[in-house]
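Let's look at its surface and one spot inside.

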Amino acid sequence: MITAAPVRVAMRAGVIGLLAFACAAVQAQDASEVEFDRPGIGFSPSVLAPGQIAWEQGLPDLSHDDSDGVRTTRYAAASLLRVGLAEDLELQLGSDSRVWERTRSVNGRDRVHGGGDSSFALKWVLPGSNDDTQWALLARQGVLTGASDIRAERAQQDLGVSVATGDLAFYVNGTRDENGTGWTVSPSYTFLSTETVGAYVEAGLGTGAQRSRALGTGITWRVAPAVQVDLSVLRGFADDEDDWTGGFGVSFLLP
């Protein structure tokens with residue numbers, strides 16, 4: 001049985017240790033060619049080279065919802081550790097290492113904070129990928145490591161595919177969680193792409209337990225070849241999804 005406390009301690013220690021290496025990461029070989037998964041609804045259809053390690057950190061990621069007289073704001077220090085296993089295979093370990101949630105209604109206010117749930121995943125670059133078109137499969141299994149007031153009732157499972165060609169990308173994902181099953185599809189378009197700055201727009205449509213209708217945008221800035229900062233925002237229009245999500249984050253490759 002996996003307990004919450006050791007995982008949270010390990011994730012917090014990892015954040016501190018890996019951030020200490022961020023400045024040195026600028027010397028990593030081929031660092032500018034690495035694609036990070038932050039930000040956006042989908043993920044990049046590429047993997048790290050064997051032995052490469054990357055850290056992606058929300059500082060924080062946030063969501064806000066105001067419906068049925070209840071206003072909820074959630075901040076999460078979403079952490080993702082990526083490890084290249086093979087030429088076309090990557091391991092990912094994720095966690096909402098710290099979560100702050102505030103709820104306000106006619107009945108008063110409520111605040112909770114603590115460690116969030118975790119996950120592990122494998123990303124596989126699929127056969128047929130080339131310099132013009134890349135596609136990859138990502139399978140993720142959630143682990144209920146969160147504090148009692150934060151963790152889900154059931155671990156989430158995801159299976160998604162991301163395809164990119166030129167400035168266009170398309171993402172589709174099937175999810176199974178405490179609310180049931182559902183699908184999410186998301187097209188995106190990168191309208192600005194230089195060696196240091198990128199910007200995109202995206203849309204999201206979800207069905208079933210993942211019912212959503214959303215539009216968003218984001219920007220990335222390579223402050224060094226192996227260090228990227230990002231800023232993103234997503235507006236949700238469905239009644240049972242967050243009104244706003246997004247956040248600020250940093251991603252870097254270790255030397």
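Arginine 104 has 37% relative accessibility, so the residue counts as partly exposed (buried is under 20% relative accessible area, exposed over 50%, partly exposed in between, with a 1.4 Å probe and protein chains only). Keep in mind that this is a predicted model, where local features need pLDDT of at least 70, side-chain atom pairs count only at pLDDT 80 or more, and totals for chains, interfaces and linings use all residues. Residues are numbered from 1 along each chain as its sequence is written, and side-chain values use heavy atoms, leaving out hydrogens and water.

Arginine 104 sits in strand β3. On the surface, Arg102, Arg104, Arg109 and Arg111 gather in a patch of positive charge. Strands β3 (89-105) and β4 (108-114) each supply at least two residues of that patch.

There's a nonpolar surface patch too, about 450 Å², made by Leu168, Tyr189, Phe191, Leu192 and Val201. Strand β9 (residues 180-193) gives the most to this patch, with three residues. Phenylalanine 191 is found in β9.

And what about lysine 123: buried or exposed? Lysine 123 is buried, and its place is in strand β5 (residues 118-125). A polar atom of the lysine 123 side chain lies 2.9 Å from the backbone oxygen of serine 46.

| Residue | Relative accessibility | Class |
|---|---|---|
| Arginine 104 | 37% | partly exposed |
| Phenylalanine 191 | 46% | partly exposed |
| Lysine 123 | 0% | buried |

Terms used
Patch = residues over 30% accessible without salt bridge, like charges linked within 9 Å, V, L, I, M, F, W, Y side chains within 5 Å. Areas by Shrake-Rupley, 256 points an atom, 1.4 Å probe, with all protein chains shown as cover. Salt bridge = Lys/Arg side-chain N within 4 Å of Asp/Glu carboxyl O. Helix = DSSP H or I, 4+ residues; strand = E, 2+ residues; numbered from the N terminus. Polar contact = N/O pair within 3.5 Å; in protein donor to acceptor, adjacent residues only side chain to side chain. Lys, Arg positive; Asp, Glu negative; His and termini not counted. Charge placed at Lys NZ, Arg CZ, Asp CG, Glu CD.
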